[in-house]
Amino acid sequence: MSKTYIPVSLRKFVSDRAQNCCEYCLIPAMFVLASHQVDHTIAEKHGGETVEENLALACSLCNQAKGSDIASIDSETDDVVRLYNPRKNNWVEHFQIEIESGVIFPLTAIGRVTIKLLKINRESSLPSRQILAQAGMLTIKHSA
Ligand SMILES: [Zn+2]
């Protein structure tokens, strides 16, 4: 969530880099009504800058749920764990998608807190993600 003006060219770069898919829940922009948004992976209030290395494409629901948060409490350990950062972490190291259901499972504490805080397995996203997963059409990045 950002009030900072993001130049059109930078916005396009971020969208293209993400292949127009949410970098958290993987939903493609064409599958949701509200436009995908440019997310500051580290929010500006924590010193995050409006530069390529600190921006990610997020669907409006992930972006809204994330807000300016950068960490959460892991329910399994009670530890404060930072959120998944698409610019620093590989998606496949922290998450796994079950093709049959479209549900995303955590592989790490980072995956766990991110799925919970961003509500990544929200009901509204599952049918689309299930169809896309089964068609092999989800864009899953293997490197940050
Ligand atoms: Zn999303």
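**Ground rules.** I am working with a predicted model, where local features need pLDDT of at least 70, side-chain atom pairs count only at pLDDT 80 or more, and totals for chains, interfaces and linings use all residues. Residues are numbered from 1 along each chain as its sequence is written, and side-chain values use heavy atoms, with hydrogens and water left out.

**Zinc site.** I started with the metal and found the zinc ion coordinated by the SG atoms of C22, C25, C59 and C62, at 2.3 Å. Donors here are N, O and S atoms within 2.8 Å of the metal (3.2 Å for Na, K and Ca); water is not among the atoms, so sites may look incomplete. The angles among the 4 donor atoms run from 102 to 118°, and the site is tetrahedral (four donors with all angles between 85 and 135 degrees). For reference, the ideal angle for four tetrahedral donors is 109.5 degrees.

I then read the donor spacing along the sequence, which is C-x2-C-x33-C-x2-C. Helices (H or I, at least four residues) and strands (E, at least two) are DSSP runs, numbered from the N terminus.

Are C25 and C62 buried or exposed? C25 is buried at 0% relative accessibility, and C62 is buried with a relative accessible area of 0%. My cut-offs are under 20% relative accessible area for buried and over 50% for exposed, with partly exposed in between (1.4 Å probe, protein chains only).

**Cores.** Next I looked up nonpolar cores, meaning sets of buried Ala, Val, Leu, Ile, Met, Phe, Trp, Tyr and Cys residues joined through side-chain atoms within 4.5 Å. The largest has 25 residues, and Y24, C62, I104 and I120 have the most contacts inside it. Helix α4 gives the most to this core, with 4 residues. A second, separate core of 7 residues includes I6, V38, L55 and L57.

**Helix α1.** Last, I turned to α1, where L10, V14 and S15 are buried. Down the helix axis, the buried residues fall within an arc of 135°, so they line one face; the arc is that of the directions from the axis to the C-beta atoms. These buried residues pack against β1 and β2, whereas V8, S9 and K12 on the other side are exposed. Just after α1, I noted Q19 with a positive phi of about 50°.

Methods: Tetrahedral: all angles 85-135°; square planar, octahedral: opposite > 155°, others 65-115°. Contact = heavy atoms within 4.5 Å.
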